[in-house]
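Hello,

Here is the structure we talked about handing over. Please open it first, then read the notes below alongside it.

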Amino acid sequence: MPRQCDICQGARAIIRRPKTGQRVCKECFFRAFETEVHNTIVDNALFRRGDRIGIGASGGKDSTVLAYVMKTLNERYDYGLELFLLSIDEGISGYRDDSLETVKRNRDQYGLPLKIVSYEQLYGWSMDRIVEAVGRKNNCTFCGVFRRQALDRGALMLDLDHIVTGHNADDVAETILMNILRGDIPRLGRCTEITTAGDGYIGRSKPLKYAYEKEIVMYAYLKRLDYFSTECTYSPNAYRGYARQFIKDLEAVRPSAIIDIIHSGEAMKVASGVAMPVATTCGRCGYISSNAICKACALLDGLERGIPKLGVSRSSRDADGAPARAGGAGAAVEPVHFERLRERALALRRQRLGGAEPEPCDAAGAACRCAGTECQ
Amino acid sequence: MCDAPAMPAAAPARTRRTLVPNKCVKCKSAQPRVAVRQIRYCKACFVQASVTKFRTAQSKVHRPVGTKTMVAFSGGAASSAMLRLVVDFQNAWRKGTDAEPPYAGLVIGHVDESALFPDVPEDAIRAEAAKTGLVCEIATLEDAFALDTPVLATVARGSDTGSVYAQLVGPADGMSRKARLAALFAGLGSITDKEDMLEIIKTALIADMARRSGCGAVLMGDSATRVAVRAMALTSRGRGFSLPLDVGAEAQWFGRMVVQRPMREFLAKEIAFFNRWTGQQDATVPGFATGLPKSVSIGRLAEAFIVELDRDFASTVSTVCRTLQKLEPREEARTARPCTLC
């Protein structure tokens, strides 16, 4: 006999919520899911009225659900936000090109403006070329480091106030475990925060932090959202794979385990005597960094000099001993300095507030006025 | 003019340990028989290195002056090795010298789990403890209902905490303690909950024995592997706030009593080799998840996860232990009032 919904006691229940164990019908599930995200946003005061918010959109299920829910909640509760889709094109053929098509369809479906920034444009290297130089192992390091910075660059190009990403509860739990396993104390302290400062100018938050991946998939499926579901063509990260499998096994034993791990992570306290890295800015590109040169610049430098292991391997022998290939492996684009990007963002803001249209940039090179944001 | 040789301007640079290919890293002459964290030892050097490591760590820790130390002994591999190392350390102290003995007094604390697990070789375990010649305190699991301090019984006396709790944990008429214990565990649905309850009862019993025999410190035999596994399991059960208390190298859990975990310097593998090569007997102490697939409980799952990961990434266990050392308990965990039920 079909069971009734535990909430409305009327319609037929179609899903058992892993977080609460309740059996709920479709409409109650939508309402509960959306209300929980709304509560997360309101309780943590993630946004202010009038903020320009960039939704990190990959075309996958998490970011598609995030974009849809943000748009719905913005209208339902009148947050007064200006929403944008912000996509990063890593340059992975057979994967990203297809998923970006999905994002473009989302742009039309939800009526949100879309900005795509590519690794090729920002750094002069696409992931396909990086994999050619680095090999199939360790290339996720490049992709992850570049993406983090690329999102901030994209946000400055659009003069956004805040970026939201589709990290879900499973992702956060996985990251907590990974940081314990790797002994990454500074990140262990940071990874549970719902909002991080980013580079000090643009905040970042995870409104789906308490939403189970299972529910996100159900939501996307039941709402018939248009999303892209293929794994990256380059090798998945083996270490993360272990943690992911463990989380899935845990969920099978006790569904509340995922939220329990997040609570554990939030409650952990780093001992007072432990040395933590001090945030400073990169001497080359001006991005926030704990070293004189940020990770992205160090990796780029390695790529340019033909010793891609520089900045990836912990062993100094790999970097010192390997002879630099003559001429390096590629001709890079010098990444635009963050200071210039910020100036440009400020100029855009002034023009917007003053009602004037921003001046179009038509002169690449020395005469460029847009810090590479338009003319490239 | 002083003719003493001038002090070197700077400390000499650290040199890498010279390695003889295919020989023990210490004596450089014998065939290596075991590799621990990619370092290869021969039999004799491995045992010696283990003893030295244990004693060095033990001589650095602080124990309340003048109080006895309780060695928690389950009969399993890790606590057997710990008992042997502790007793040897104490016996190695030369009487008549000025130096203080390592321990002001030693007592063994053992919890008899045969009420739940009839297969435990209880006689062999007790015989092993008796061999040391130390006083051995023994509590059975069903004694949990007879404790005067925190566990279960206090609430049942109709204390102000509420009659609901009293009913919850109060004895049914004419029920033996053993039957109550069986009923308690039968009432717990999942193996995870059973493991949790067993751990709570055992910890309470050991703390009680230590208190009654006047011990100021308790040595628990959690190996590094065990510590990493427990850290994962506790995190997955939402107990991250008290991790440093539950699995830290040194913790003040019960008022002024210090709980230390000296075996967290040793991997489970090291302990197995140590016991084998020193002829130390150990028993297999079963648990609720013994012999069952990994998906039966969070504890068993965490064990499988850490063991598998450590096989592929050799430093996993030691990294987790190091991470735990850098955490401290939240104020709430320190000042938390004891749970009404346990």
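Chain A has an open sheet of six strands, with mixed pairing. The strand order is E5-E4-E3-E6-E8-E7. Strand E5 (114-118) and strand E7 (195-196) of chain A are the edge strands, and each pairs on one side only. Please keep in mind that this is a predicted model.

Within that sheet, strand E3 (residues 52-56) and strand E6 (residues 162-164) of chain A run parallel, joined by three bridges. Look at A:Ile55 here: its bridge partner in E6(A) is A:Val164. Helix H6 (residues 139-158) of chain A packs on the sheet. This helix touches E3, E4, E5 and E6 of chain A, and its direction makes about 140° with that of E4(A). Helix H3 (residues 96-110) of chain A lies across strand E4 (82-89) and E5 of chain A. Its angle to E4(A) is about 165°.

A:Ile55 turns up again in the core. The largest nonpolar core has 163 residues. Those that touch the most other members are A:Ile55, B:Val71, B:Val218, B:Ala228 and B:Ala231. Leaving aside neighbours within four places in sequence, the contacts of A:Ile55 include A:Leu66, A:Met70, A:Phe84, A:Leu86 and A:Val164. As a general point, nonpolar side chains tend to be buried together in soluble globular proteins.

Now chain B. This chain contains 13 helices and nine strands. It has 342 residues, of which 37% count as buried. Take its contacts between residues at least 6 apart in sequence: 71% of them join residues at least 24 apart.

How many of the five residues of strand E6 (residues 215-219) of chain B are buried? Four are, so this strand is largely enclosed by the rest of the structure. Strand E3 (residues 68-72) of chain B runs parallel to E6(B), with four bridges between them. B:Val71, one of the core residues named above, has B:Leu219 as its bridge partner in E6(B). E6(B) is also joined to strand E8 (residues 257-260) of chain B, by three bridges and again in parallel. There, B:Leu219 stands opposite B:Gln260 in E8(B).

Next, the place where the chains meet. Chain A gives 25 residues to the contact and chain B gives 26. On the chain A side, the elements that give two or more residues are helix H7 (169-182), helix H10 (238-253), helix H11 (257-267) and strand E9 (269-270). That side divides into 16 nonpolar, four polar and five charged residues. Strands also pair across the two chains: E9(A) and strand E9 (residues 327-328) of chain B are antiparallel, over two bridges. A:Lys269 stands opposite B:Glu328 in E9(B).

Is A:Gly354 buried or exposed? A:Gly354 counts as exposed, because it has 7 C-beta neighbours inside 10 Å. This residue is in helix H14 (residues 338-354) of chain A. Its C-alpha atom is 25 Å from that of A:Asp78, which is 276 residues away along the chain.

Last, confidence. The predictor gives the complex an ipTM of 0.84 and a pTM of 0.85. Chain B averages a pLDDT of 83, with 82% of its residues at 70 or above. Which part of chain B needs care? Over residues 150-167, pLDDT stays under 50. The model still has 27 contacts beyond four places in sequence for that stretch. Where pLDDT is low, predicted coordinates should not be read in detail.

Best wishes

Terms used
Residues numbered from 1 in each chain as written. Chains lettered and ligands numbered in written order. Predicted model: local features only at pLDDT ≥ 70, side-chain atom pairs only at ≥ 80, totals over all residues. Buried ≥ 20, exposed ≤ 12 C-beta atoms within 10 Å, placed from the backbone. pLDDT = per-residue confidence, 0-100. Contact = placed C-beta atoms within 7 Å. Nonpolar A, V, L, I, M, F, W, Y, C, P; charged D, E, K, R; others polar. Pairing = 2+ DSSP bridges. Core = buried A, V, L, I, M, F, W, Y, C linked by C-beta atoms within 7 Å. Axes fitted to C-alpha atoms, helices over the stretch in contact; angles between N-to-C directions.
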